[in-house]
Amino acid sequence: MKRYIAIAAGAGVLAMAGCQPQPTPEDRLSEYVGHWNEQEFTAMYEDYLTQGSKEAFPQEAFDERQQQLIEDLGIENLEVSYTAQEDAEWDEAEPAEFPLTITMETLAGPVEFDQKVSLIHEEQESGENWFVEWDPSLIFKNLEEGDEVAVLTEAAERGEIVDREGRGLAINGTGYNLGVVPDRLEGDSDIAEAAELLGLTVESVEESLNQSWVQPDQFVPLTKASKSAEQLIADVEASDVVTYQETAMREYPYGEAFGHLTGYIGSITAEQLEELKGQGYGANDLIGRQGLERRLEERLRGESGARILIQKQEEGAEDIVLAEQEPTAGEDVELTIDAELQTAVYDSMQGEPGSAAAVSPENGETLALISSPGFDPNEFIAGISGERYTELSEDPLNPLFTRFAASYAPGSTIKPVTAAIGMEAGTLDPEQGLEINGQTWQKDSSWGSYRVSRLHPEAPNPIDLNRALVYSDNIYFARQALEMGSETLIDGLAAYGFGEELPFAIELESSQISNNGTLGSEGQLADTSFGQGQMLANILHLASAYEPFLNGGTIYEPTLYASEEAGQVWKEGLISEGNAAVLQENLRNVVTDGYAKSADIDAVPIAGKTGTAELKGALGEEGQENGFFVSYHAEQQDFILAMMIESIEDDGGSDYVAGFSANAMEQYYLNN
């Protein structure tokens with residue numbers, strides 16, 4: 001009984017299957033187009049192509065060619081549609097034709113074309129059905145077997161980086177291809193001479209000369225050189241073996257002074273090419289590698305032009321353009337930086353390791369941002385040698401380290417901020433003097449061995465705020481910090497932006513009050529009041545922190561790009577006009593009466609505060625000290641310059657830095 005039922009059920013299924021209608025050509029085409037739109041080429045080939053199409057076009061060529069074209073041409077949004085044949089009666093002996101519309105986006109722009117497709121009824125291993133008669137014209141109209149689809153690209157002109165006056169910092173200029181002309185070479189000795197002069201191996205020169213395209217009387221480029229490589233160019237000009245040709249090249253006219261800020265461009269790496277796949281980059285492209293060249297890549301690079309064409313193999317046939325897009329130049333980016341000020345400050349630092357920043361107290365614009373020593377980005381754009389890169393990376397002064405992005409203990413340059421917090425809190429009376437005797441001091445025996453020391457115990461009593469700043473008296477500020485208490489100092493420093501990220505176009509290390517934002521002891525409170533302990537400040541933030549003393553109590557968000565809206569308030573209500581006036585007078589007296597004598601020059605009336613930070617704990621280097629000077633023109637007050645120089649313990653202390661700053665200001669104001 002059970003066996004009989006099973007047979008009957010199976011028979012029923014067979015009967016039902018036999019009654020099912022056969023797919024129409026339109027049914028089959030609908031399925032095929034669905035796979036096409038999903039780019040399922042294997043299914044298209046195996047299940048839908050006629051036997052004749054499969055014999056004419058192997059599956060590997062069908063699948064791989066179309067997939068490769070999608071990648072090479074940047075094809076997106078492929079959409080294939082057909083016009084339905086209403087109430088059509090299909091004759092299995094005749095082909096069924098349908099009009100198609102094919103659209104897509106490519107790296108050269110949109111492509112759209114109409115084409116006809118035929119379906120033929122035939123029997124294959126899978127059974128009788130309608131199958132697509134395929135040829136390459138269904139990929140692109142007029143594409144025939146043997147034709148090639150080519151992509152020709154034209155690089156966009158890269159945008160330039162300029163300063164606030166339009167002076168070029170990263171420009172599209174020229175450099176040199178250095179090379180040889182084969183028929184002028186007299187044997188191996190000339191090849192060896194060329195290799196030695198250009199810093200190449202004999203093997204690499206021979207490899208270049210053995211390229212298939214090389215002709216005896218044609219120039220063969222071997223390496224590149226920027227215009228700044230003056231000695232190398234002079235050596236080439238004097239050579240009978242090596243010659244040069246001018247070529248388009250990115251130029252950095254200000255060299256080392258802007259190396260860390262502008263950065264440079266270089267050949268795209270394989271990793272970058274993979275990461276940026278589908279964004280229009282090619283294996284031979286240049287891309288921003290460091291600094292603003294990298295950060296502004298999207299704005300600077302522009303959009304390459306491209307032309308997609310069918311290269312006909314038939315003799316005399318013209319190529320067919322499928323899509324064409326002209327290149328779009330990159331955007332020129334103007335900075336708030338003043339190139340003359342930046343250069344004056346960088347030159348004044350004489351290659352010493354350190355950093356500097358200048359800001360406008362009027363609106364927060366960044367006028368200079370420097371890391372010293374710098375590197376010449378022109379060396380990188382021409383292709384820096386491994387030997388030269390090793391020399392830079394192993395240089396003890398670390399010219400590849402971007403110091404303006406780091407934070408350092410600010411030392412006594414923080415004292416005006418501490419004073420401002422105390423005056424605003426009502427705990428510090430600038431006219432009230434303290435009796436301070438001796439070189440060291442502690443509150444009481446609860447401090448154990450910890451004592452606050454000062455550099456000038458000869459300072460005459462009573463010590464008021466003016467004398468405390470002139471003599472940079474640590475004991476005065478420690479006592480004022482104890483008077484105001486940890487909470488007041490922490491809240492005050494937080495109001496100046498310590499402990500939060502500086503809103504700036506470039507990521508910088510944040511300034512901090514301490515590692516955890518608290519002051520765990522009276523000793524740490526004392527240390528923090530004069531910029532030691534765990535306090536750290538970024539050089540740009542340090543310059544910005546002096547803005548309230550000159551503009552009525554505001555710190556502006558520092559800007560770097562001219563396109564940013566300047567004058568956006570970051571912190572406000574930090575100091576009254578009266579208290580700011582007190583600090584302005586005191587900071588001028590620091591220079592005229594105190595220990596920043598190198599800044600007391602006739603050419604520019606400078607006001608400012610020096611600072612020295614001991615780094616024994618931070619770096620483990622016994623006796624290392626960093627020197628600071630934050631200064632401004634006492635009358636014009638048009639910018640605040642903060643400068644830090646590392647390891648000044650053998651250079652006379654922070655007055656050494658004051659001298660550098662004064663030289664920069666004198667040079668700048670003489671030229672402006």
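**Entry 1, cavity.** I looked up the lining of the largest cavity and found that helix 5 gives the largest share, three residues. I took helices (H or I, at least four residues) and strands (E, at least two) as DSSP runs, numbered from the N terminus. The model is predicted: local features need pLDDT of at least 70, side-chain atom pairs count only at pLDDT 80 or more, and totals for chains, interfaces and linings use all residues. Residues are numbered from 1 along each chain as its sequence is written, and side-chain values use heavy atoms, without hydrogens and water.

A cavity here is a set of points, on a 1 Å grid over the protein atoms alone, where a 1.4 Å probe fits but cannot get out; lining residues have an atom within 4 Å of a point. I noted one cavity of 30 Å³ or more. The largest cavity holds about 110 Å³ of space. Its lining includes Trp36, Phe41, Gln66 and Met104. Helix 5 (59-72) and strand 2 (96-106) are the elements that give two or more residues to this lining.

I looked up an open sheet of three strands, with the order 5-12-13 and antiparallel pairing. Strand 5 (148-154) and strand 13 (320-325) are at the edges with a single partner strand each, so one side of each has no neighbour in the sheet. Two strands count as paired if DSSP finds at least two bridges between them. Strand 5 and strand 12 (residues 305-311) pair over seven bridges in the antiparallel sense. I found Val151 opposite Ile308 in strand 12.

Key:
1 Å grid on protein atoms, 1.4 Å probe; cavity = no way out; pocket = protein on both sides within 12 Å on 5 of 7 lines; lining within 4 Å. Points joined across faces, edges and corners; volume = space filled by probe spheres on them.
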